Amino acid sequence: MAFSSHYLRFCSLFFLISHSIAQTSFRPKALVLPVSKDASTLQYLTQINQRTPLVPVKLTLDIGGQFLWVDCEQGYVSSSYKPVPCRSAPCALSRSKACVESCFSPPRPGCNNNTCSHLPDNTVTSTGTSGELAQDVVSIQSTDGKNPGRVVSVPKLVFTCGATFLLEGLARGVKGMAGLGRTKISLPSQFSAAFSFDRKFAICLTSSTRAKGVVFFGDGPYVFLPGIDVSKSLIYTPLILNPVSTAGAFFEGEPSAEYFIGVKSIKINGNTVPLNTSLLSINKEGFGGTKISTVNPYTVLETSIYKAFTKAFIKEIAKIPRVKPVSPFGACFNSTFIGSTRVGPAVPQIDLVLQSNSVIWRTFGANSMVQVRNDVLCLGFVDGGVNPRTSIVIGGHQLEDNLLQVDLATSRLGFSSSLLFRQTTCANFNFTSNA
(Lines give C-alpha, C1' and ligand atoms only; values in the text may rest on other atoms or scores of the structure.)
Protein backbone atom coordinates (compact mmCIF):
# COMPACT_ATOMS: atom_id res chain seq x y z
CA MET A 1 0.00 0.00 0.00
CA ALA A 2 1.52 3.37 -0.99
CA PHE A 3 1.15 6.40 1.26
CA SER A 4 1.97 9.94 0.18
CA SER A 5 4.70 11.68 2.12
CA HIS A 6 2.17 14.39 3.16
CA TYR A 7 -0.11 11.78 4.63
CA LEU A 8 2.78 10.10 6.42
CA ARG A 9 4.02 13.43 7.76
CA PHE A 10 0.55 14.28 8.99
CA CYS A 11 0.20 10.86 10.62
CA SER A 12 3.61 11.19 12.16
CA LEU A 13 2.96 14.56 13.74
CA PHE A 14 -0.66 13.89 14.66
CA PHE A 15 -0.19 10.46 16.19
CA LEU A 16 3.07 11.15 17.94
CA ILE A 17 2.44 14.61 19.25
CA SER A 18 -1.17 14.08 20.23
CA HIS A 19 -0.51 10.82 22.03
CA SER A 20 2.99 11.18 23.38
CA ILE A 21 3.17 14.48 25.20
CA ALA A 22 4.80 14.23 28.60
CA GLN A 23 2.35 14.04 31.45
CA THR A 24 3.46 17.40 32.82
CA SER A 25 3.34 20.88 31.35
CA PHE A 26 7.16 20.90 31.46
CA ARG A 27 8.59 20.63 27.93
CA PRO A 28 12.23 19.62 27.79
CA LYS A 29 14.53 21.14 25.17
CA ALA A 30 16.67 18.00 25.14
CA LEU A 31 16.96 14.53 26.72
CA VAL A 32 20.01 12.59 27.87
CA LEU A 33 21.07 8.94 28.24
CA PRO A 34 24.32 7.60 29.71
CA VAL A 35 26.34 5.19 27.54
CA SER A 36 28.84 2.68 28.89
CA LYS A 37 31.39 0.49 27.08
CA ASP A 38 31.19 -3.25 27.75
CA ALA A 39 34.68 -4.62 28.38
CA SER A 40 34.12 -8.11 26.96
CA THR A 41 32.11 -7.36 23.78
CA LEU A 42 33.24 -3.72 23.23
CA GLN A 43 29.56 -2.87 22.66
CA TYR A 44 28.20 0.50 23.77
CA LEU A 45 25.31 0.06 26.17
CA THR A 46 22.56 2.31 27.42
CA GLN A 47 19.50 1.86 29.61
CA ILE A 48 15.95 3.15 29.31
CA ASN A 49 13.06 2.80 31.74
CA GLN A 50 10.06 1.21 30.05
CA ARG A 51 6.68 -0.34 30.98
CA THR A 52 4.19 -0.06 33.86
CA PRO A 53 5.54 -0.42 36.47
CA LEU A 54 8.81 0.99 35.06
CA VAL A 55 11.64 -1.49 34.52
CA PRO A 56 15.24 -0.58 33.60
CA VAL A 57 15.97 -2.17 30.21
CA LYS A 58 19.63 -2.55 29.18
CA LEU A 59 20.22 -2.09 25.44
CA THR A 60 23.06 -2.22 22.92
CA LEU A 61 23.27 1.15 21.18
CA ASP A 62 23.11 1.12 17.37
CA ILE A 63 23.51 4.54 15.74
CA GLY A 64 22.12 3.20 12.45
CA GLY A 65 19.46 0.90 13.91
CA GLN A 66 15.91 1.26 12.58
CA PHE A 67 14.10 1.47 15.93
CA LEU A 68 14.03 0.25 19.51
CA TRP A 69 13.51 -3.50 19.77
CA VAL A 70 13.34 -5.55 22.96
CA ASP A 71 12.87 -9.21 23.81
CA CYS A 72 9.14 -9.69 24.57
CA GLU A 73 9.36 -13.48 25.01
CA GLN A 74 11.00 -13.50 28.43
CA GLY A 75 9.54 -11.56 31.33
CA TYR A 76 7.87 -8.68 29.49
CA VAL A 77 5.18 -7.61 31.96
CA SER A 78 3.42 -4.25 31.60
CA SER A 79 -0.11 -3.00 32.13
CA SER A 80 0.44 -0.23 29.55
CA TYR A 81 1.64 -2.45 26.66
CA LYS A 82 -0.44 -2.01 23.50
CA PRO A 83 0.03 -3.85 20.21
CA VAL A 84 -0.09 -1.56 17.15
CA PRO A 85 -3.07 -2.54 14.93
CA CYS A 86 -2.66 -3.22 11.21
CA ARG A 87 -3.40 -0.19 9.00
CA SER A 88 -3.08 2.26 11.92
CA ALA A 89 -1.16 5.58 11.83
CA PRO A 90 1.83 4.21 13.81
CA CYS A 91 1.93 1.19 11.48
CA ALA A 92 2.02 3.49 8.43
CA LEU A 93 4.68 5.63 10.10
CA SER A 94 6.89 2.57 10.60
CA ARG A 95 6.69 1.78 6.86
CA SER A 96 5.77 -1.81 7.70
CA LYS A 97 4.40 -3.92 4.88
CA ALA A 98 3.34 -6.83 7.06
CA CYS A 99 0.38 -7.70 9.24
CA VAL A 100 -0.12 -10.67 11.58
CA GLU A 101 -3.78 -11.65 11.35
CA SER A 102 -3.73 -14.47 13.85
CA CYS A 103 -1.20 -15.37 16.49
CA PHE A 104 -1.11 -19.05 17.48
CA SER A 105 -1.02 -18.67 21.26
CA PRO A 106 -2.99 -16.78 23.91
CA PRO A 107 -2.53 -12.97 23.65
CA ARG A 108 0.67 -11.70 25.28
CA PRO A 109 3.29 -9.01 24.53
CA GLY A 110 4.68 -9.98 21.13
CA CYS A 111 1.72 -12.15 20.09
CA ASN A 112 -1.66 -10.58 19.34
CA ASN A 113 -4.13 -10.88 16.45
CA ASN A 114 -4.41 -8.24 13.71
CA THR A 115 -1.18 -6.45 14.60
CA CYS A 116 1.35 -4.56 12.55
CA SER A 117 4.59 -6.51 12.17
CA HIS A 118 8.15 -5.31 11.66
CA LEU A 119 11.64 -6.77 11.22
CA PRO A 120 13.90 -6.38 14.26
CA ASP A 121 17.51 -7.30 13.57
CA ASN A 122 20.62 -7.90 15.65
CA THR A 123 23.17 -5.83 13.73
CA VAL A 124 26.08 -7.29 15.72
CA THR A 125 25.46 -10.83 14.42
CA SER A 126 23.48 -9.81 11.29
CA THR A 127 20.42 -11.88 12.19
CA GLY A 128 16.83 -10.70 11.77
CA THR A 129 13.32 -11.98 12.38
CA SER A 130 9.80 -10.60 12.41
CA GLY A 131 8.12 -9.14 15.47
CA GLU A 132 5.03 -7.33 16.65
CA LEU A 133 5.03 -3.53 16.57
CA ALA A 134 3.87 -2.19 19.94
CA GLN A 135 3.66 0.87 22.16
CA ASP A 136 4.55 1.32 25.80
CA VAL A 137 5.60 3.96 28.31
CA VAL A 138 9.24 5.08 28.28
CA SER A 139 10.70 7.51 30.82
CA ILE A 140 13.95 9.42 30.28
CA GLN A 141 15.88 12.30 31.86
CA SER A 142 15.69 15.75 30.37
CA THR A 143 18.78 17.99 30.21
CA ASP A 144 19.74 21.64 29.75
CA GLY A 145 22.93 20.46 28.07
CA LYS A 146 25.01 20.82 31.25
CA ASN A 147 23.29 18.53 33.77
CA PRO A 148 20.43 16.05 33.78
CA GLY A 149 17.07 17.55 34.74
CA ARG A 150 13.71 16.10 35.68
CA VAL A 151 12.44 12.80 34.30
CA VAL A 152 9.81 12.98 31.54
CA SER A 153 7.81 10.21 29.92
CA VAL A 154 6.49 9.29 26.50
CA PRO A 155 3.28 7.30 27.13
CA LYS A 156 3.15 5.48 23.78
CA LEU A 157 6.65 5.04 22.42
CA VAL A 158 6.62 2.72 19.40
CA PHE A 159 9.03 -0.24 19.47
CA THR A 160 9.25 -3.75 18.04
CA CYS A 161 9.14 -7.03 19.94
CA GLY A 162 12.14 -9.22 19.25
CA ALA A 163 12.64 -12.91 20.02
CA THR A 164 14.99 -14.15 22.75
CA PHE A 165 17.32 -15.80 20.21
CA LEU A 166 18.05 -12.34 18.73
CA LEU A 167 19.95 -11.49 21.94
CA GLU A 168 22.72 -13.97 21.08
CA GLY A 169 26.00 -12.10 20.63
CA LEU A 170 24.85 -9.08 22.61
CA ALA A 171 26.48 -8.09 25.91
CA ARG A 172 25.44 -9.78 29.13
CA GLY A 173 22.15 -8.53 30.57
CA VAL A 174 21.14 -6.74 27.37
CA LYS A 175 17.45 -7.09 26.44
CA GLY A 176 17.45 -5.49 22.97
CA MET A 177 18.89 -2.72 20.83
CA ALA A 178 18.33 1.03 20.79
CA GLY A 179 18.17 2.18 17.14
CA LEU A 180 19.05 5.82 16.39
CA GLY A 181 18.77 5.52 12.60
CA ARG A 182 17.02 7.66 9.99
CA THR A 183 13.47 6.29 10.29
CA LYS A 184 10.26 7.88 11.61
CA ILE A 185 10.17 5.44 14.57
CA SER A 186 13.82 5.55 15.65
CA LEU A 187 14.36 6.96 19.16
CA PRO A 188 15.57 10.43 17.97
CA SER A 189 12.55 10.84 15.67
CA GLN A 190 10.03 9.81 18.33
CA PHE A 191 11.58 11.88 21.12
CA SER A 192 11.73 15.01 18.96
CA ALA A 193 8.10 14.53 17.85
CA ALA A 194 6.89 13.87 21.42
CA PHE A 195 8.41 17.08 22.82
CA SER A 196 8.54 19.24 19.65
CA PHE A 197 12.27 19.85 19.78
CA ASP A 198 14.80 19.82 16.92
CA ARG A 199 15.25 16.53 15.06
CA LYS A 200 18.86 16.27 16.18
CA PHE A 201 20.85 14.01 18.43
CA ALA A 202 24.48 13.84 19.50
CA ILE A 203 26.56 10.90 20.61
CA CYS A 204 29.82 10.91 22.55
CA LEU A 205 31.36 7.48 23.23
CA THR A 206 33.89 7.03 26.00
CA SER A 207 37.08 5.03 25.51
CA SER A 208 36.92 3.86 29.14
CA THR A 209 35.05 0.78 30.33
CA ARG A 210 34.76 2.42 33.77
CA ALA A 211 33.28 5.82 32.83
CA LYS A 212 30.11 6.83 31.02
CA GLY A 213 29.71 8.55 27.66
CA VAL A 214 26.48 10.21 26.63
CA VAL A 215 23.72 10.52 24.02
CA PHE A 216 21.79 13.80 23.79
CA PHE A 217 18.43 13.98 22.00
CA GLY A 218 17.78 17.55 20.83
CA ASP A 219 20.06 20.50 20.08
CA GLY A 220 23.04 21.77 22.08
CA PRO A 221 24.57 23.12 24.17
CA TYR A 222 26.54 19.93 24.86
CA VAL A 223 28.67 20.94 27.83
CA PHE A 224 31.49 18.77 29.21
CA LEU A 225 33.57 19.51 32.30
CA PRO A 226 35.34 21.90 32.78
CA GLY A 227 32.51 23.88 31.11
CA ILE A 228 33.33 23.30 27.42
CA ASP A 229 30.38 23.54 24.99
CA VAL A 230 31.50 21.21 22.21
CA SER A 231 28.54 22.12 19.96
CA LYS A 232 30.26 25.43 19.17
CA SER A 233 33.18 23.82 17.35
CA LEU A 234 31.56 21.17 15.15
CA ILE A 235 32.61 20.73 11.52
CA TYR A 236 29.75 19.72 9.18
CA THR A 237 29.41 17.31 6.27
CA PRO A 238 26.26 16.22 4.39
CA LEU A 239 24.70 12.86 5.22
CA ILE A 240 24.16 10.68 2.17
CA LEU A 241 21.08 8.50 1.78
CA ASN A 242 21.79 4.93 0.68
CA PRO A 243 18.66 4.09 -1.37
CA VAL A 244 18.87 0.38 -0.48
CA SER A 245 18.41 -0.91 3.08
CA THR A 246 21.55 -2.27 4.78
CA ALA A 247 19.58 -3.96 7.60
CA GLY A 248 19.70 -7.72 8.20
CA ALA A 249 15.98 -7.97 7.39
CA PHE A 250 13.95 -5.30 5.58
CA PHE A 251 10.92 -4.62 3.40
CA GLU A 252 11.62 -4.25 -0.31
CA GLY A 253 12.14 -0.69 -1.48
CA GLU A 254 13.23 0.63 1.92
CA PRO A 255 16.22 2.98 2.00
CA SER A 256 18.99 2.36 4.54
CA ALA A 257 18.43 3.72 8.06
CA GLU A 258 22.21 4.05 8.52
CA TYR A 259 24.26 7.25 8.32
CA PHE A 260 26.57 7.49 5.30
CA ILE A 261 29.06 10.29 4.63
CA GLY A 262 30.95 11.21 1.47
CA VAL A 263 34.61 10.31 2.00
CA LYS A 264 36.53 11.42 -1.14
CA SER A 265 40.03 10.28 -0.13
CA ILE A 266 42.21 9.18 2.79
CA LYS A 267 45.48 10.89 3.72
CA ILE A 268 48.17 9.68 6.12
CA ASN A 269 50.60 12.40 7.27
CA GLY A 270 49.20 14.56 4.48
CA ASN A 271 49.94 11.99 1.75
CA THR A 272 46.98 10.62 -0.23
CA VAL A 273 46.55 6.83 -0.02
CA PRO A 274 46.28 5.37 -3.55
CA LEU A 275 42.98 3.50 -3.72
CA ASN A 276 40.11 2.63 -6.06
CA THR A 277 37.93 5.72 -5.49
CA SER A 278 34.90 4.12 -7.19
CA LEU A 279 34.52 2.08 -3.96
CA LEU A 280 33.92 5.33 -2.06
CA SER A 281 30.57 6.04 -3.72
CA ILE A 282 27.34 4.06 -3.31
CA ASN A 283 26.19 2.22 -6.43
CA LYS A 284 22.55 1.67 -7.41
CA GLU A 285 22.48 -1.71 -5.64
CA GLY A 286 23.42 0.08 -2.40
CA PHE A 287 27.01 -1.26 -2.28
CA GLY A 288 30.04 0.89 -1.41
CA GLY A 289 30.35 4.19 0.41
CA THR A 290 31.25 5.04 4.01
CA LYS A 291 28.97 4.65 7.02
CA ILE A 292 29.21 5.24 10.76
CA SER A 293 28.70 2.31 13.11
CA THR A 294 28.59 1.84 16.87
CA VAL A 295 28.26 -1.96 16.56
CA ASN A 296 31.63 -2.49 14.84
CA PRO A 297 34.32 -2.01 17.49
CA TYR A 298 36.93 -0.95 14.90
CA THR A 299 36.83 0.64 11.44
CA VAL A 300 36.40 -2.01 8.73
CA LEU A 301 37.92 -1.43 5.28
CA GLU A 302 37.30 -3.30 2.02
CA THR A 303 40.38 -5.48 1.29
CA SER A 304 42.04 -3.36 -1.40
CA ILE A 305 41.52 -0.18 0.67
CA TYR A 306 42.79 -1.96 3.78
CA LYS A 307 45.98 -3.15 2.04
CA ALA A 308 46.77 0.26 0.54
CA PHE A 309 45.97 2.04 3.82
CA THR A 310 48.07 -0.32 5.98
CA LYS A 311 51.00 -0.18 3.53
CA ALA A 312 50.92 3.63 3.53
CA PHE A 313 50.77 3.79 7.33
CA ILE A 314 53.68 1.36 7.74
CA LYS A 315 55.73 3.45 5.28
CA GLU A 316 55.11 6.62 7.34
CA ILE A 317 56.16 4.86 10.55
CA ALA A 318 59.07 2.91 9.02
CA LYS A 319 61.47 3.61 11.90
CA ILE A 320 59.24 1.81 14.44
CA PRO A 321 59.95 -1.95 14.72
CA ARG A 322 57.04 -4.17 13.66
CA VAL A 323 55.96 -7.12 15.78
CA LYS A 324 53.83 -10.18 15.03
CA PRO A 325 50.23 -9.07 14.34
CA VAL A 326 47.62 -9.68 17.05
CA SER A 327 44.18 -10.66 15.72
CA PRO A 328 42.01 -8.98 14.42
CA PHE A 329 44.70 -6.43 13.47
CA GLY A 330 47.19 -6.74 10.61
CA ALA A 331 49.87 -4.21 11.58
CA CYS A 332 51.38 -4.12 15.07
CA PHE A 333 54.39 -2.27 16.47
CA ASN A 334 56.77 -2.26 19.42
CA SER A 335 55.23 0.54 21.48
CA THR A 336 58.38 1.19 23.53
CA PHE A 337 59.63 3.07 20.42
CA ILE A 338 56.48 5.23 20.16
CA GLY A 339 56.18 8.46 22.14
CA SER A 340 52.96 9.81 23.59
CA THR A 341 51.07 13.06 23.10
CA ARG A 342 47.95 14.70 24.49
CA VAL A 343 45.98 12.95 21.72
CA GLY A 344 47.47 9.49 22.22
CA PRO A 345 50.47 7.65 20.75
CA ALA A 346 52.75 9.81 18.55
CA VAL A 347 51.90 8.27 15.19
CA PRO A 348 51.02 9.77 11.77
CA GLN A 349 47.63 11.48 11.66
CA ILE A 350 44.93 9.98 9.42
CA ASP A 351 42.57 12.29 7.53
CA LEU A 352 39.27 11.38 5.95
CA VAL A 353 38.83 14.05 3.26
CA LEU A 354 35.12 14.87 2.90
CA GLN A 355 33.26 17.21 0.51
CA SER A 356 36.38 19.36 -0.08
CA ASN A 357 40.06 19.39 0.86
CA SER A 358 39.28 21.85 3.63
CA VAL A 359 36.75 19.55 5.34
CA ILE A 360 38.64 16.75 7.01
CA TRP A 361 37.90 14.36 9.85
CA ARG A 362 41.29 13.99 11.52
CA THR A 363 42.21 10.92 13.55
CA PHE A 364 45.10 10.95 16.03
CA GLY A 365 46.87 8.13 17.86
CA ALA A 366 44.25 7.72 20.60
CA ASN A 367 41.72 6.73 17.91
CA SER A 368 44.02 5.03 15.38
CA MET A 369 46.03 2.76 17.68
CA VAL A 370 44.97 -0.01 20.07
CA GLN A 371 47.14 -1.10 23.01
CA VAL A 372 46.93 -4.91 22.90
CA ARG A 373 49.79 -5.60 25.32
CA ASN A 374 52.12 -3.51 27.46
CA ASP A 375 54.66 -3.17 24.67
CA VAL A 376 52.45 -3.71 21.59
CA LEU A 377 50.34 -1.14 19.75
CA CYS A 378 48.31 -2.18 16.71
CA LEU A 379 46.76 -0.09 13.94
CA GLY A 380 43.06 -0.31 14.94
CA PHE A 381 41.58 -0.99 11.50
CA VAL A 382 40.45 -4.39 10.21
CA ASP A 383 40.14 -6.11 6.83
CA GLY A 384 36.49 -6.32 5.73
CA GLY A 385 37.08 -8.76 2.86
CA VAL A 386 36.41 -8.47 -0.86
CA ASN A 387 33.12 -6.93 -2.06
CA PRO A 388 31.59 -6.08 1.35
CA ARG A 389 28.24 -4.31 1.49
CA THR A 390 29.90 -1.04 2.60
CA SER A 391 33.50 -0.15 1.64
CA ILE A 392 34.37 1.78 4.82
CA VAL A 393 32.59 1.27 8.15
CA ILE A 394 33.85 3.80 10.71
CA GLY A 395 33.78 1.83 13.97
CA GLY A 396 33.50 2.61 17.67
CA HIS A 397 37.21 2.96 18.50
CA GLN A 398 37.59 5.71 15.90
CA LEU A 399 34.51 7.53 17.27
CA GLU A 400 35.52 7.54 20.94
CA ASP A 401 36.08 10.95 22.53
CA ASN A 402 34.69 12.59 19.38
CA LEU A 403 31.28 14.26 19.58
CA LEU A 404 29.02 13.49 16.61
CA GLN A 405 25.79 15.40 16.01
CA VAL A 406 23.24 14.04 13.55
CA ASP A 407 20.77 16.61 12.22
CA LEU A 408 17.89 14.62 10.70
CA ALA A 409 16.03 17.69 9.46
CA THR A 410 18.91 19.06 7.34
CA SER A 411 20.59 15.66 6.75
CA ARG A 412 24.04 16.62 7.96
CA LEU A 413 26.63 15.33 10.40
CA GLY A 414 28.59 17.54 12.76
CA PHE A 415 31.84 16.13 14.15
CA SER A 416 34.36 17.53 16.61
CA SER A 417 37.50 15.43 16.00
CA SER A 418 39.28 14.47 19.23
CA LEU A 419 38.03 16.18 22.39
CA LEU A 420 41.40 15.38 23.98
CA PHE A 421 42.71 18.51 22.21
CA ARG A 422 40.13 20.57 24.10
CA GLN A 423 41.25 18.98 27.37
CA THR A 424 38.01 17.12 27.88
CA THR A 425 36.60 13.68 27.03
CA CYS A 426 33.23 12.03 26.39
CA ALA A 427 33.30 10.81 30.01
CA ASN A 428 33.11 14.41 31.26
CA PHE A 429 29.37 15.03 31.07
CA ASN A 430 28.18 15.83 34.59
CA PHE A 431 25.51 13.23 35.30
CA THR A 432 25.01 14.48 38.87
CA SER A 433 21.84 16.52 38.74
CA ASN A 434 21.89 20.13 39.87
CA ALA A 435 18.09 20.24 40.00
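**Exercise 1.** Which residue takes a positive phi in the hairpin of β10 and β11, and how many residues lie between the strands?

*Solution.* The structure is a predicted model. The hairpin of β10 and β11 has 4 residues between the strands. Within that hairpin, G145 takes a positive phi near 95°.

**Exercise 2.** Determine which strands pair with β10, and in which sense.

*Solution.*
1. Begin with β11 (residues 148-162): β10 and β11 pair in the antiparallel sense over 9 bridges. Q135 stands opposite V158 in β11.
2. Strand β1 (residues 30-37) runs antiparallel to β10 and is joined to it by 2 bridges; here V32 stands opposite Q141.
3. Strand β2 (residues 44-50) is likewise antiparallel to β10, with 2 bridges, and N49 faces S139.
4. Strand β5 (residues 82-83) pairs with β10 in the antiparallel sense over 2 bridges, where P83 is opposite A134.
5. Strand β7 (residues 115-118) also forms 2 antiparallel bridges with β10; the bridge partner of H118 is G131.

**Exercise 3.** State how many residues of β10 are buried.

*Solution.* Strand β10 spans residues 131-143. Of its 13 residues, 12 are buried, and the strand is thus mostly covered.

**Exercise 4.** Classify the aromatic pairs F195–F197 and W361–F415 by the angle between their planes.

*Solution.*
1. The count of aromatic pairs comes to 16.
2. For F195 and F197, the ring centres are 6.3 Å apart and the planes meet at 15°. Planes under 30 degrees apart count as stacked, so this pair is stacked. Both F195 and F197 are buried.
3. For W361 and F415, the distance is 5.0 Å centre to centre, with 20° between the planes, and this pair is stacked.
4. W361 belongs to strand β28 (residues 360-363) and F415 to strand β34 (residues 412-418); the two residues are 54 residues apart, and their pair links distant parts of the chain.
5. Buried means under 20% relative accessible area. W361 has 2% relative accessibility and therefore counts as buried; F415, at 0%, counts as buried too.

**Exercise 5.** Identify the rings over which R51 and R150 lie.

*Solution.* R51 lies over the face of Y76, 3.8 Å from the ring centre. The charged end of R150 sits over the ring of F26, at 4.3 Å from its centre.

**Exercise 6.** Describe the lining of the second largest pocket.

*Solution.*
1. The volume of this pocket is about 470 Å³.
2. It is lined by 26 residues, of which T123, S126, T246, E258 and K291 are the closest to its centre.
3. The lining divides into 7 nonpolar, 14 polar and 5 charged residues.

Technical notes: Residues are numbered from 1 along each chain as its sequence is written. This is a predicted model: local features need pLDDT of at least 70, side-chain atom pairs count only at pLDDT 80 or more; totals for chains, interfaces and linings use all residues. Side-chain values use heavy atoms; hydrogens and water are left out. On a 1 Å grid over the protein atoms alone, a cavity is a set of points where a 1.4 Å probe fits but cannot get out, and a pocket is an open set with protein on both sides within 12 Å along at least five of seven lines; lining residues have an atom within 4 Å of a point. Grid points are joined across faces, edges and corners, and a volume is the space filled by probe spheres set on the points. Ala, Val, Leu, Ile, Met, Phe, Trp, Tyr, Cys and Pro count as nonpolar, Asp, Glu, Lys and Arg as charged, and the others, Gly among them, as polar. Buried means under 20% relative accessible area, exposed over 50%, partly exposed in between (1.4 Å probe, protein chains only). Two strands pair if DSSP finds at least two bridges between them. Rings of Phe, Tyr and Trp (its six-membered ring) pair if their centres lie within 6.5 Å; planes under 30 degrees apart count as stacked, over 60 as edge-to-face and the rest as tilted. A charge sits over a ring if NZ of Lys or CZ of Arg is within 6 Å of the ring centre and within 35 degrees of the ring normal.
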